[in-house]
Amino acid sequence: MAGETGTAKVGGVSPAPHLLRPGKYYLQGSEACIEGSLIAGCRVYAGYPITPAVETMEYASRRFPQVGGRFIQMEDEIASACALIGSSWGGTKALTATSGPGFSLMQEAISIAIMSETPMVIVDIQRSGPGQGYITASQQDIMQARWGHHGDGPIIALAPGSVQEIFELTIEAFNLSEQWRTPVFVMTEETVAHMREPLVVPPWNEVEVRERKKPQDLGVPPRDYLPWGHDTVAPMANWGEGYNVNFVALVHLEDGNITRYSPEANYHCVERLQKKIEGNADTIARIEAKFLGDCKHLIVCYGAVSRTAMEAAIEARERGLEVGYLRLITLWPFPEEKLRRIVGTVDTIFVPEMNLGMMRHPITEALRDQCKKVVSIPSLGILHSPEYILSRIQEEIS
Amino acid sequence: MNKTPRFEIRIAGFGGQGVVTIGRILGEAFTLYEGKNSVNTHSYGPESRGGACKSEVVVSDGEIHYPNVRKADLFIALSQVALDTYIADLKGGGILLIDPHSVKNVPSRSKYRVYEVPTMEIAHDIGGVKFQNSVALGALYPLIAHMIKESSLRKAISNNVPPETVEINMGAFKRGMQYGRGDGDS
Amino acid sequence: MLKYLKEEGPLGPRLPLIFCPGCGSGQVLNYTLHAVDRIIEEDNARKEDFLFISGIGCSGRITSHYMNFDSAWTIHGRALAIATGALLANPAFRVIVFTGDGDNGSIGGNHFIHACRRNIDVTILCLNNGLYGMTGGQHAPTTPPGMITTTTPYENREAAFDLCKLAEIAGATYVARWTTAHPRQVIKSIMKGIRKRGTAFIEILSQCPVHEKTSPVAILKKFKRTTIPIGKAEGYTEGKTVIGEFCDLDRKEWNESYQEIIDQFLAGNGKTDAQVVD
């Protein structure tokens, strides 16, 4: 239906032999991620070994065939990302996990996935950079996630903070990628990928799994099908369904035509992609907030660092400091409007990150009129300790 | 069982001593068989300093925010280097479990509750150094019996050793436990 | 064959084709459609299963612009990686990849040799014109030594790949080389390639009249003159290019082999990882 943005078929988990049954488990983040992808209906994994994503890949190589899926080790990360595109258009959800250097290699494929509106999920288990960096944790790819691909065009990126959450957000990543026909990244750190925590798998009928909207669902026959039309998120016909779908990643019109180029057509095509995601940031983006009521100093955090930040916020409150806590569960699209609405006026905003300050920029842009100062608290190669965050806060306050 | 607010365990030694396995077993035992919450992490590299390897388990009945050890309640040190590196992070009055064969010197010893268990020797006696973990866990059990059942530890060990070695490992656990019960502060 | 071309494709009406006058791409398109048509007829194959994927270059323009089939016009050198993903999603696809000597032998080289090694079920049609046509005539890994191109103004000093030998060594199970001047042989090979369950690599020497600055007829005549069928070569090629079928083997195709792994779990035989603890 025109105007009904992002509708997708909603269903439950499709049973498969050896799919993780409801219950309590003790798993590593990397394992929980794979289990989440299988619950979401992913049946193709194509990847390339890179530390610290190796465990994720090895676990996938064992689990995917167990549920009837296929695993392949491709010859490099470029091939892996391309295989995801092929699988997605071939009708099957696909996943890969990598780290910074591999993520860099995938950017061309990501760019064409954005333009062609291809659902796919990439997990980036971030390690230190730049260059070969080191194998310890970081949050150094979050800008690469947003801008690493050439050209305009937004993506969706989620940042889990625990094993339970990486399970849930991997499922959510697939749902979002199907619903919005876009690449979605799960931006995690070596910290979360390697830690073990309890994982509770809910009853399958309580898990929402979304599938891409198809022209068949709308009763649109091949003859009348507009590959990039009909709705804000175009219904997606897959290869093999008799729709004679032509995949292109050039500037295109609704009917797939790529020759009637004009600056207007160019603008319309690319701006449409932008609005599809950024224009729906409020719906898509999720945040978590605590202690906001009377807070004078706000910690804005994401990913593994949010674990430390919460501990620091609780302790700060115990010391009588009016500290609030805000966690970005969705990194991109950046929830600018939501933040402005939720955050009142504060003195200082602290942004602890495992990089030299990346998210602090959109945060500053969004909240500069609602605070006096934004302070970056960087930590490279090691997760912030509560003492470190608290000492920086005390320093600034006094 | 007592309600656990937050109990921090650190195990450290050289790579290959079972540091990671002990942490994983403890984490599993507390989480799957005691119904508690726990976070188990491990690290290599510069964060562990000196080529050492460390594993941590933070246990709680409630939510665990910061996932790492701040001030350990229990420290199992399998090498002198590991002990030297991390002893300062052990709480005053905290439990220190060492093998006197590899850890000879404990600075400010009187600050802690120190338990010396010849895990290597006992393991050799049973069948080899690879059973050292189970011996250590057996010796540890009496010290944490107020927060975990013996069966939970045994089950977790069984899940994490090759099936054909379960029996020997249970024997190793028992020997460690027997030694532990006959020992105290030194 | 017109029924296999979209009346109105992404590039507009199907005729006239965008290829330069006398370009070999048009011939290859024609031969391919003939081969596909016969497969659909003779084998009762489903038209919906056919999937044409191309990369970048003149060869890249053969698919989505015209094909009234499922198709993809993808990025430089990566068609085979995308094809691999498609086959993982649906092993029933009959994938035909159009590529060029640069697309396949240079930037796509890694994906090329690994596709052959894996023996995935794909038919690779490599249009070899010995240079980079679309971008203006730069030299390619297949440019003969001594040739002057826009990036070898002082003569090409590099050796050239023998793409068929590469394919064979890498593990392709059907390898052949023809030219656009051998229509019946090309059509037969394409049919064999499609029917072969595994990687089929068919190199087709194709004329680029624009960059060779020679009439297409002259180039076609040259193809006939300077090639020698493998049956006649017998170690003495007279300096000519050997054409013909180099290998036609039977080796388990990737999906066929992987299915055996899946089957053991569906039958409940394999040990699994999913440990449930309540």
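Predicted model: local features only at pLDDT ≥ 70, side-chain atom pairs only at ≥ 80, totals over all residues.
Student: Why is C:Lys47 called partly exposed, and where is C:Lys47 found?

Tutor: A residue counts as buried with 20 or more other C-beta atoms within 10 Å and as exposed with 12 or fewer; C:Lys47 has 17, and therefore C:Lys47 is partly exposed. C:Lys47 is found in the loop between helix 1 (24-43) and strand 3 (50-54) of chain C. Leaving aside neighbours within four places in sequence, C:Lys47 is in contact with C:Ile40 and C:Phe69, while its C-alpha atom is separated by 9.8 Å from that of C:Tyr4, 43 residues apart along the chain.

Student: Which residues of helix 1 of chain C are buried, and what do the buried residues pack against?

Tutor: Among the buried residues of helix 1 of chain C are C:Val28, C:Leu29, C:Leu33 and C:Val36. The buried residues of this helix pack against strand 3, strand 5 (94-100), strand 6 (122-128), helix 6 (183-195) and strand 10 (199-205) of chain C.

Student: What makes strand 12 (246-247) of chain A and strand 11 (227-229) of chain C stand at the edges?

Tutor: The open sheet has 9 strands, in the order 12(A)-4(C)-3(C)-5(C)-6(C)-10(C)-9(C)-12(C)-11(C), with mixed pairing. Strand 12 of chain A and strand 11 of chain C each have a single partner strand, so one side of each is left without a neighbour in the sheet. Helix 1 of chain C packs on this sheet, and its direction makes about 155° with that of strand 6 of chain C.

Student: How do you know that strand 9 and strand 12 of chain C pair?

Tutor: Pairing requires at least two bridges between two strands; strand 9 (residues 174-179) and strand 12 (residues 241-248) of chain C have 4 bridges, in the antiparallel sense, and therefore they count as paired. C:Ala176 of chain C stands opposite C:Glu245 in strand 12 of chain C.

Student: What makes strand 13 (287-290) and strand 18 (371-378) of chain A edge strands?

Tutor: Each of these two strands pairs on one side only, within an open sheet of 5 strands whose order is 13-15-14-17-18 in chain A and whose pairing is mixed. The twist averages 20° from one strand to the next. Strand 13 and strand 15 (residues 323-328) of chain A pair in the antiparallel sense over 4 bridges, and A:Glu288 stands opposite A:Arg327 in strand 15. Helix 11 of chain A lies across strand 13, strand 14 (297-301), strand 15 and strand 17 (346-353) of chain A, running at about 165° to strand 15.

Student: Which element gives the most to the side of chain A that touches chain B?

Tutor: The contact involves 16 residues of chain A and 15 residues of chain B, and helix 11 of chain A gives the most to the chain A side, with 4 residues. That side divides into 8 nonpolar, 3 polar and 5 charged residues.

Technical notes:
Residues numbered from 1 in each chain as written. Chains lettered and ligands numbered in written order. Contact = placed C-beta atoms within 7 Å. Nonpolar A, V, L, I, M, F, W, Y, C, P; charged D, E, K, R; others polar. Axes fitted to C-alpha atoms, helices over the stretch in contact; angles between N-to-C directions.
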